Amino acid sequence: MYALPVSFDCGASDSYTDENSIVWIGDDDIFKNSQSAVVQSSNTVSHVMSTLRVFTSLKKNCYSITVDKGSLVLVRASFFYGNYDKKSSPPSFDLLFDGNYWSTVMTTLDNEPVIYEVMYFVKSDTTSICLAQIQPNQFPFISALEVRILDSKMYGPFDPNHALFLTSRVAYGANSIVRKIWYWDSFGCKRRQLIDVSNAPDNPPREVLQNAITTSSSSGSITLYHGFSDQDVSVCMNFYFSEVTELDTTQKRSFNLFIGNIKEPGPIIPPYGEAKELIVNFTASAITSISLVSTSDSTLPPLINAVELFFVNDRLRDGTDSKDVEGLVALQDSFSVLQEIWSGDPCLPSPYTWDRISCSNDVIPRVTALDLSSLDLSGPLPDFSSMDALVTCE
């Protein structure tokens with residue numbers, strides 16, 4: 001079990017510190033039923049993306065990490081196929097956390113990693129990030145896993161019963177990727193002045209506020225997004241603003257934010273030398289647009305420095321009943337073979353229930369059957385009487 005913060009260089013055996021002072025840990029000691037591999041890509045890749053961990057036997061394989069119950073965590077999982085198996089056949093598989101579905105990972109032959117990021121409140125004293133096979137002969141793998149604790153007040157008062165799935169994070173006007181990870185859009189205004197970000201509760205890197213995009217007309221507007229999915233989706237967006245030049249008394253930059261045809265409270269007047277953050281939650285559809293529109297008294301066009309876009313998931317599951325988890329952990333502590341085949345939440349999500357157990361369909365599922373036969377277990381059984389919903393035990 002590992003404690004936070006932690007960064008796994010998956011497939012690596014050694015630990016090291018990178019150029020960003022991040023300590024990466026190899027994961028050779030975590031799994032018995034896995035393989036390490038090296039990418040075959042001829043292109044230059046970062047050190048952490050050069051190896052990966054492949055899972056070829058169990059249907060669910062999990063990294064388990066110790067964390068204080070109720071903590072807000074950020075998890076980033078990175079996948080770089082790099083034709084490691086020389087088959088030119090990038091696999092797809094499911095990504096899970098704490099018994100909840102996260103995403104179906106779609107890896108590619110591209111020379112860039114596929115990255116997924118989620119934020120959520122942990123409901124027990126551990127968190128688990130799992131990879132699950134969904135198709136025969138398409139084996140899950142992972143290149144890097146990073147888990148961080150965040151200030152519980154970050155990203156607004158979002159409901160701890162839900163998670164935020166990162167969809168995009170863009171630093172407008174930047175010309176390189178900024179750590180956290182902010183992707184760049186290189187068209188825009190630039191400046192060298194350092195920015196005070198203390199007024200922005202979600203701690204954006206100063207670098208993303210050094211630059212911005214705008215338009216040439218003072219009466220113009222900026223359309224940031226137009227259309228989401230065909231189905232309604234719950235969205236959380238963080239907007240970051242900072243004036244790029246010190247305005248004189250004849251100049252004014254003032255604009256409003258519109259979500260579709262609805263004007264958000266405003267107007268927005270970007271501060272010079274400081275950061276302004278605006279958090280908006282809304283339901284988006286295929287026809288939803290997001291735009292910045294100058295006010296009638298503005299002499300300058302709208303401006304934006306950075307934006308984060310998250311989808312909000314359905315209600316998180318609470319996990320398997322704690323009494324059953326307690327009993328199963330006692331069995332694992334007594335028999336090492338069970339530690340090798342059981343990881344993550346025992347019952348959830350339901351397609352990936354542990355082998356040799358059966359679960360009820362309750363909101364908080366109970367373990368109803370346990371089969372320990374043919375495992376050649378030796379030694380006394382521990383007390384697992386807390387599993388009082390068992391109907392069958394062999």
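Here are legends for a few close-up views of this predicted model.

Residues are numbered from 1 along each chain as its sequence is written, and side-chain values use heavy atoms, with hydrogens and water left out. Because the model is predicted, local features need pLDDT of at least 70 and side-chain atom pairs count only at pLDDT 80 or more, while totals for chains, interfaces and linings use all residues.

**View 1. Helix α1 from end to end.** Helix α1 covers residues 322-334, 13 residues in total. Helices here are DSSP runs of H or I with at least four residues, strands are runs of E with at least two, and both are numbered from the N terminus. From first C-alpha to last, α1 reaches 19 Å, close to the 18 Å expected at 1.5 Å a residue; that expected span is 1.5 Å times one less than the number of residues. At the start of the helix, look for D321: one of its side-chain oxygens comes to within 2.9 Å of the backbone nitrogen of K323.

**View 2. The buried residues of α1.** D324, G327, L328, A330, L331 and Q332 are the buried ones (under 20% relative accessible area; exposed is over 50%, partly exposed in between, with a 1.4 Å probe and protein chains only). They pack against α2 (336-341), β27 (357-359) and β28 (367-370), where contact means heavy atoms within 4.5 Å.

**View 3. K323 and its partner D388.** K323 pairs up with D388 in a salt bridge, the closest N and O atoms being 3.1 Å apart. A salt bridge here is a side-chain nitrogen of Lys or Arg within 4 Å of a carboxyl oxygen of Asp or Glu. This one links distant parts of the chain: D388 sits in the loop between β28 and β29 (392-393), K323 in helix α1, 65 residues apart. K323 is partly exposed, at 34% relative accessible area.

**View 4. Two loops joined by D371 and R356.** These side chains meet in a salt bridge at 3.9 Å, N to O. D371 is in the loop between β28 and β29 and R356 in the loop between α2 and β27, so the pair ties together parts 15 residues apart in sequence. D371 is partly exposed, with a relative accessible area of 26%, and R356 is partly exposed at 26% too.

View 5. E308 and R169 form a salt bridge, with 2.8 Å between the closest N and O atoms. E308 lies in strand β26 (residues 306-312) and R169 in strand β15 (residues 164-172), so the pair ties together parts that are 139 residues apart in sequence. Both residues are buried. They also belong to a network of salt bridges that links R76, E117, E146, R148, R169 and E308. The structure holds 16 salt bridges.

Notes. A polar contact is a pair of N or O atoms within 3.5 Å; within protein, one must be able to donate a hydrogen and the other to accept it, and residues adjacent in sequence count only if both atoms are side-chain atoms.
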